[in-house]
Amino acid sequence: MPGPGADGSGAPRTTRQVRSADGDIVSFRTGWALPGEHAPRDSDSSLRFLDAEGLDAFLTEAGPVVEERYGDRDRGPPTDAGPEIITAARRTPA
């Protein structure tokens, strides 16, 4: 049986709603409605967002070493106003 959209019926509709933000934890609800279903489905999630220093501490404790860090998907330098912290890390041999 084809999945949603595979038969031309359209893709699922999705929505996201932030439910709370407490420190570095953001909780949100994702809802989606599949074509042909009568009731939408919801999923509650929480994500933790760390600043560069917090991420470095977390990685140091876990073992990987930061190799590269970017502030955007074009590999621009990280800035305080940048939209992202993109970090490439490698686990060191034991």
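Accessible areas here come from the Shrake-Rupley method with a 1.4 Å probe, and for residues only the protein chains shown count as cover. I noted that this is a predicted model, where local features need pLDDT of at least 70, side-chain atom pairs count only at pLDDT 80 or more, and totals for chains, interfaces and linings use all residues. Residues are numbered from 1 along each chain as its sequence is written, and side-chain values use heavy atoms, with hydrogens and water left out.

Surface first. I found an accessible surface of about 7500 Å² for the protein chain, with 51% of that belonging to carbon and sulfur atoms. Of its 94 residues, 13% count as buried (under 20% relative accessible area; exposed is over 50%, partly exposed in between, 1.4 Å probe, protein chains only).

Next, the elements. I listed 1 helix and 5 strands, running β-β-β-α-β-β from the N terminus. Helices (H or I, at least four residues) and strands (E, at least two) are DSSP runs, numbered from the N terminus.

Then the sheet. I saw an open sheet of 3 strands in the order β1-β2-β3, paired antiparallel; two strands pair if DSSP finds at least two bridges between them. Because β1 (13-22) and β3 (41-48) each have a single partner strand, they stand at the edges, with one side of each left without a neighbour in the sheet.

I zoomed in on one pairing. β1 and β2 (residues 25-33) run antiparallel and are joined by 9 bridges. R16 has T30 in β2 as its bridge partner.
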